[in-house]
Amino acid sequence: MLQNSAIADVRTHISAIRPAGADVAILSMNCPEIAASARPGNFVNIKVNATDQPLLRRPFCIHNVHGDTIDVMVKNVGRGTSLLCEASCGESLLVLGPLGNSFGVGTGDFDTALLVSGGIGTAPMLFLEKTLAAAGIPFHHLVGGRSHADLLTVGLSNVTTSTDDGSEGFHGNVVQLLEKHLAEQTDAGRVKVFACGPNPMLRALARFCRDRAIPCELSLESVMGCGVGICYGCMVELSNADGEKESILLCREGPVIDGNRFTA
Ligand SMILES: Cc1cc2nc3c(=O)[nH]c(=O)nc-3n(C[C@H](O)[C@H](O)[C@H](O)COP(=O)(O)OP(=O)(O)OC[C@H]3O[C@@H](n4cnc5c(N)ncnc54)[C@H](O)[C@@H]3O)c2cc1C
């Protein structure tokens, strides 16, 4: 879970925008400085327009990197994200990044990566998949959603899905799907879970992995302001190694954390 040290603030424009599901769009932006040093799990903080409304930037995981271009996958949940989802090619943006730490793919303590995501939490998983594939590490995605329309699997390989309402894939939540997958895939060797999704899902997943001694990294979300540790807006409470509560700034010490810190 390394911190990225090469941060750039890039004035760029949207070079492509395409729908990816219900209220979700993928935006491409030419950001050579960010693309060059981005690692899976990093995020960018985007000033979504040229006005002071909204004033603050909005954080998004780096969804993909291709050449000098980075993609973000954005779910329309409010003012800033609706401006991005409804933007047009050529619109100007300010993009700060790569920010935060990254998933620990090179730790050498696992044979197979299980990428577990829910809803828009699938956003960082394509970049992670590409990095694992380039390193020759086997991986499998377990993608959950409330229903068929919420599953975001665009571009992913080796995917199994679950839906809460049974409209596609396994009928149940993605933690139950993981349990089933582990019972069936007995030749995966040592597995490590990399996850992103809503907090209740991540909490359940962290407990599941702790109880089975499966290493697990989670990419958390919080409301965030500056993205670089100045505004103290993204404080989250985790457990430390002694099981005591401690607060961290998610933008600086996260967004990727050890799952054992999120079980309480
Ligand atoms: C490190 C990080 C990475 C993220 N990556 C992605 C991503 O790849 N794709 C994506 O679509 N979203 C991502 N998010 C969430 C995204 O930043 C928020 O959805 C966005 O900032 C909301 O802005 P808004 O102006 O549209 O919403 P607002 O109008 O500000 O708020 C709308 C609603 O969303 C809630 N909200 C605002 N920010 C957050 C947040 N960070 N988490 C949960 N709820 C929030 C508000 O409380 C409110 O209920 C990420 C957040 C973080 C911290």
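Colleague: So a polar contact is a pair of N or O atoms within 3.5 Å. How far is the backbone N or O atom of Cys61 from a nitrogen atom of the ligand?
Modeller: That distance is 3.0 Å. Bear in mind that this is a predicted model, with local features needing pLDDT of at least 70 and side-chain atom pairs pLDDT 80 or more, while totals for chains, interfaces and linings use all residues. Residues are numbered from 1 along each chain as its sequence is written, and side-chain values use heavy atoms, leaving out hydrogens and water.
Colleague: What about Lys75 and Arg79?
Modeller: Both reach a ligand oxygen atom through a backbone N or O atom: Lys75 at 2.8 Å and Arg79 at 3.2 Å.
Colleague: How many residues surround the ligand?
Modeller: There are 20, counting those with a heavy atom within 4 Å. The closest are Arg58, Pro59, Gly80, Thr81 and Ser222.
Colleague: Which elements give two or more residues to that shell?
Modeller: Strand 4, strand 6 (69-75) and helix 2 (79-85) do. Strand 4 gives the most, with four residues.
Colleague: Switching topic, where is strand 4 in the sheet?
Modeller: Strand 4 (58-61) is an edge strand, as is strand 5 (64-66), and each pairs on one side only. Pairing takes at least two DSSP bridges. The sheet is open and antiparallel, with seven strands in the order 4-3-7-1-2-6-5.
Colleague: And how many bridges join strand 1 and strand 7?
Modeller: Six, between residues 8-21 and 92-99. Ala8 stands opposite Gly97 there.

Notes:
Polar contact = N/O pair within 3.5 Å; in protein donor to acceptor, adjacent residues only side chain to side chain.
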